[in-house]
Amino acid sequence: MSAPVDPAPDYDVVVVGAGFAGLYALYALRAEGLSVVGFESGSDVGGTWFWNRYPGARCDTESLDYSYSFDKDLQQDWTWSERYATQPEILRYLNHVADRFALRPLIRFHTEVTSAVYDEDSATWTVGTSTADTVRARYVVMAAGVLSSLKELDFPGLERFRGTRLHTARWPHEGVDLSGQRVAVIGTGSSGVQLVPRLAPQTAHLHVLQRTANFSVPARNRPVLPEEAAREKAGYDERRAEIRVSRAGMKEIPAEGSALDHDAAERTRIFEWRWAYGGGPTFLRTFTDLALDEQANATAADFVRAKIRETVADPETADSLSPKGFPIGTKRLCVDTDYYATFNRPDVTLVDLRKTPLVEFTENGIRTTAGEIELDAVVFATGFDALTGAITRIDVRGRGGETVAEHWADGPRTMLGVAVAGFPNLFTVTGPGSPSVLGNVVASIEQHVEWIVDCLRHAREVGAVSVEATREAEEDWSRQAAEAAAQTLMARNASWYTGANIPGKARQLLPYAGGVGRFREICDDVAARGYPGFHFTVPTPTGHQA
Ligand code: NA7
């Protein structure tokens, strides 16, 4: 007779990923007294900031906000050198956090999670990995990143190309010397826009292959002066309190009412001030209605197009660089340093793929309808399967063997972006249905992780072995998220926000558009009311029942 299987899982919680979300989840869950293990496919911590090492990579949320607030000493001890930190500085910060809080020993590196299968009888997950490592845990927290799963490269003839191939999100750790080479960058989203001005001075010739022109605004990056750092640190608690209830989870210059309340000259004066001094993504909040009203939005779009014409010497290049056919901000607004001016260099050529589409890769380069461009290297800055890709690429099976990919085939449905009906004990950090990328994602990560920890504490207090969003709650939240989306211009336009960059992906605004502060209020209210919309299963001697 074989011995009965020990029902005790190996860990209370498996955390997938060791970026901002995974590190904080490990810290907070361990502090709660839970046994935790983290899996990370990379060789070290950092997530997005581990992988995206291309020249020019930096955050476009101010570092004072794009950093953890959970530990006051950390907040006081760490000093950011620039308003918008570079990738190496953010990675140093995350390494510091991992060491300071002894998180590294909790993480198994070089280990990609490939499957997670829920067993209804024992209410545990069996998590499979790319190594022989398999563990059983009560809970799984998906902290796998919102912009981590790469969009597939499906260019005709790519395998024929004999030159160097690089991807911005897989940049070689040892760096790469492209000096004196003929290089193409494909993609002009945030990554391409940051990379191009940095690459241009190195290369013999840089060809920027643009399919869709994006709106980009100047970062107005600058060093953080010691007196400024001291002042901000002295008032850090107030700053954090303010961003927790803000719309975008970051410190903002107040908006100047509706764009349509001002005459054209006054409106331009206000835009000019933002352009010159505000900098960064807050340009979209110069007025309250730029994201909501087409007419108001058009005033901002026209202003940026005028700036492009002013900056770029060649009128045809300026025209190609001018975004058309979609409101500003409905694709993620790019934030740059000298992007448009880079096209005035004689060694930089814009290739407008709308006018001369890419036909194929050849052995020596790329052929467009205008002819062959000979190249030594190609950089793909082609984006990600945002918000859902990092979860759906894992074989996650919940009740009845249903996969998350199946559950989300017609578009992701979640309860508060944190839980999925039919997938008990599974939590997603900043998943679809939460504000996620529509604001300072670190503020949202902290909010989500803290909510999850509170929920697990509640489960323990009531003696539950599982917690699960109900189908009704999931439907209700999806409806509320769709209503919030419908208020915005974003939901109606093609972008990675709406899944439109991935062939076959269902179209809906993936993040919750109601704002970071409002979302926190809703989540707090659910917790305060004892988690309506969640079902806690408490075992009885006769089996599992509520
Ligand atoms: P994005 O913003 O998705 O940009 C990807 C770019 O690549 C965009 O310009 C795309 O043009 C272009 N692209 C993608 N596929 C192709 C093909 N097949 N041919 C030509 N051009 C293509 O990704 P990023 O990495 O720049 O930024 C993602 C986020 O990461 C960013 O917003 C920050 O939050 C961090 P398209 O618009 O599809 O015509």
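User: Which residue has a polar side-chain atom 2.5 Å from an oxygen atom of the ligand?

Analyst: This is a predicted model, where local features need pLDDT of at least 70, side-chain atom pairs count only at pLDDT 80 or more, and totals for chains, interfaces and linings use all residues. Residues are numbered from 1 along each chain as its sequence is written, and side-chain values use heavy atoms, without hydrogens and water. A polar contact is a pair of N or O atoms within 3.5 Å. The side chain lying 2.5 Å from a ligand oxygen belongs to Thr212.

User: How far from an oxygen atom of the ligand is a backbone N or O atom of Ala381?

Analyst: Arg332 has a side-chain N or O atom 3.1 Å from a ligand oxygen. For Ala381, a backbone N or O atom takes part, and the distance to a ligand oxygen is 3.2 Å.

User: How much of the ligand's accessible area does the protein cover?

Analyst: On its own, the ligand has 780 Å² of accessible area (Shrake-Rupley method, 1.4 Å probe).

User: How many residues of the shell around the ligand are charged?

Analyst: The ligand is surrounded by 19 residues, each with a heavy atom within 4 Å of it. The closest are Lys151, Ser191, Arg211, Thr212 and Arg332. Asp, Glu, Lys and Arg count as charged, Ala, Val, Leu, Ile, Met, Phe, Trp, Tyr, Cys and Pro as nonpolar, and the others, Gly among them, as polar. The shell has seven nonpolar and eight polar residues, and its charged residues number four.

User: Are helices H14 and H16 roughly parallel or roughly antiparallel?

Analyst: Helices are DSSP runs of H or I with at least four residues. The axes (lines fitted to C-alpha atoms over the stretch in contact) of H14, residues 441-461, and H16, residues 516-528, come within 11 Å and cross at roughly 5 degrees. Angles under 35 degrees count as roughly parallel and those over 145 as roughly antiparallel. H14 and H16 are therefore roughly parallel.

Key:
Axes fitted to C-alpha atoms, helices over the stretch in contact; angles between N-to-C directions. Helix = DSSP H or I, 4+ residues; strand = E, 2+ residues; numbered from the N terminus. Parallel < 35°, antiparallel > 145°, perpendicular 65-115°, else oblique. Polar contact = N/O pair within 3.5 Å; in protein donor to acceptor, adjacent residues only side chain to side chain.
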